[in-house]
Amino acid sequence: MKRSRVNEILAEGDRFIRSFGYVLPPFAYWTPAEMKARRSDMDGIINARLGWDITDYGQGKFDELGLFLFTVRNGKVADLAKGKGMLYAEKIMISRKDQISPMHRHNLKAEDIINRGGGKLVLELFAAREDGSIDDQANVEVPVDSVMKKLPAGGLLKLEPGESVTLLPNVWHAFWGEGKDVLIGEVSTVNDDLTDNIFRDPIGRFSDIEEDVEPVHLLVADYDKHLG
């Protein structure tokens, strides 16, 4: 993905988020130069991997296969084993109309996926076998706003604005917007995008960026290269 396209997606996404009255934290708007100047203040942001995240899953077709994310807060994976500390995370995301976030599951993360506005959010769901693979025969049960729903393997759950679903670890899921772009909230246990995304197909979690222009804002995946 070209950096110029990433910059466009950031601007479009920010406008879409603001249209629903959701305002990102101030550090979202720091330029790369400001981040470098404030590097001594940024350990918490960098270590928690907070910030912008635009992915085409390494496939180069963002409009068909991709996701816009901003991680607002996140705890430490090590604290999960202790059972105390900041054990939660929050993201705001945008799933565009008919843009697929591909089939995946998590080993650790439990998450509430919330339709914050726009079109319908459609989730394709599967249960997992004991070895973690997709069970294409078993029903899958999930709480929708705490009311249990049972679907057949590969069933489609459609969330209207305001509705949410709780996905426990190992529930396989893919999702996309129907009718319109969708603003999605995610409230979860600690988020680890480096090791806790298990995809059905052999794809990457992050985009390969072609640096045709300067970044307006750094992505989380840029931190190591630009900030150390």
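Before the first point, a definition: a strand here is a DSSP run of E with at least two residues, numbered from the N terminus. Please also bear in mind that this is a predicted model.

Let me begin with the cavities. Two cavities of 30 Å³ or more are found. The largest cavity holds about 150 Å³ of space, and its lining is made up of 19 residues. Nearest its centre lie Tyr-57, Leu-67, Leu-69, His-104 and Asn-197. Which elements give two or more residues to that lining? They are strand 2, strand 3 (88–95), strand 4 (101–105), strand 5 (111–128) and strand 11 (172–189). Strand 11 gives the largest share, three residues. By class, the lining of the largest cavity divides into seven nonpolar, six polar and six charged residues.

The second largest cavity has a volume of about 60 Å³. Its lining consists of Asp-53, Ile-54, Phe-206, Ser-207, Ile-209, Leu-219 and Ala-221, that is, five nonpolar, one polar and one charged by class.

I turn now to the aromatic side chains. There are seven aromatic pairs in the structure. In one of them, Tyr-29 and Trp-52, the ring centres are 6.4 Å apart and the planes stand at 75°, so the pair is edge-to-face. This pair links distant parts of the chain, 23 residues apart: Tyr-29 is in the loop between helix 1 (3–18) and helix 2 (32–37), while Trp-52 belongs to strand 1 (residues 51–55). Tyr-29 is partly exposed, because its relative accessibility is 26%; Trp-52, at 3%, counts as buried.

A second pair, Tyr-57 and Phe-199, is also edge-to-face, with centres 5.7 Å apart and planes at 75°.

What does Asp-14 contact, leaving aside its neighbours within four places in sequence? The contacts are Leu-24, Tyr-29, Trp-52 and Phe-68. Asp-14 lies in helix 1 and, at 14% relative accessibility, counts as buried.

Thank you for your attention.

Conventions. Residues are numbered from 1 along each chain as its sequence is written. This is a predicted model: local features need pLDDT of at least 70, side-chain atom pairs count only at pLDDT 80 or more; totals for chains, interfaces and linings use all residues. Side-chain values use heavy atoms; hydrogens and water are left out. Rings of Phe, Tyr and Trp (its six-membered ring) pair if their centres lie within 6.5 Å; planes under 30 degrees apart count as stacked, over 60 as edge-to-face and the rest as tilted. Helices (H or I, at least four residues) and strands (E, at least two) are DSSP runs, numbered from the N terminus. Buried means under 20% relative accessible area, exposed over 50%, partly exposed in between (1.4 Å probe, protein chains only). Contact means heavy atoms within 4.5 Å. On a 1 Å grid over the protein atoms alone, a cavity is a set of points where a 1.4 Å probe fits but cannot get out, and a pocket is an open set with protein on both sides within 12 Å along at least five of seven lines; lining residues have an atom within 4 Å of a point. Grid points are joined across faces, edges and corners, and a volume is the space filled by probe spheres set on the points. Ala, Val, Leu, Ile, Met, Phe, Trp, Tyr, Cys and Pro count as nonpolar, Asp, Glu, Lys and Arg as charged, and the others, Gly among them, as polar.
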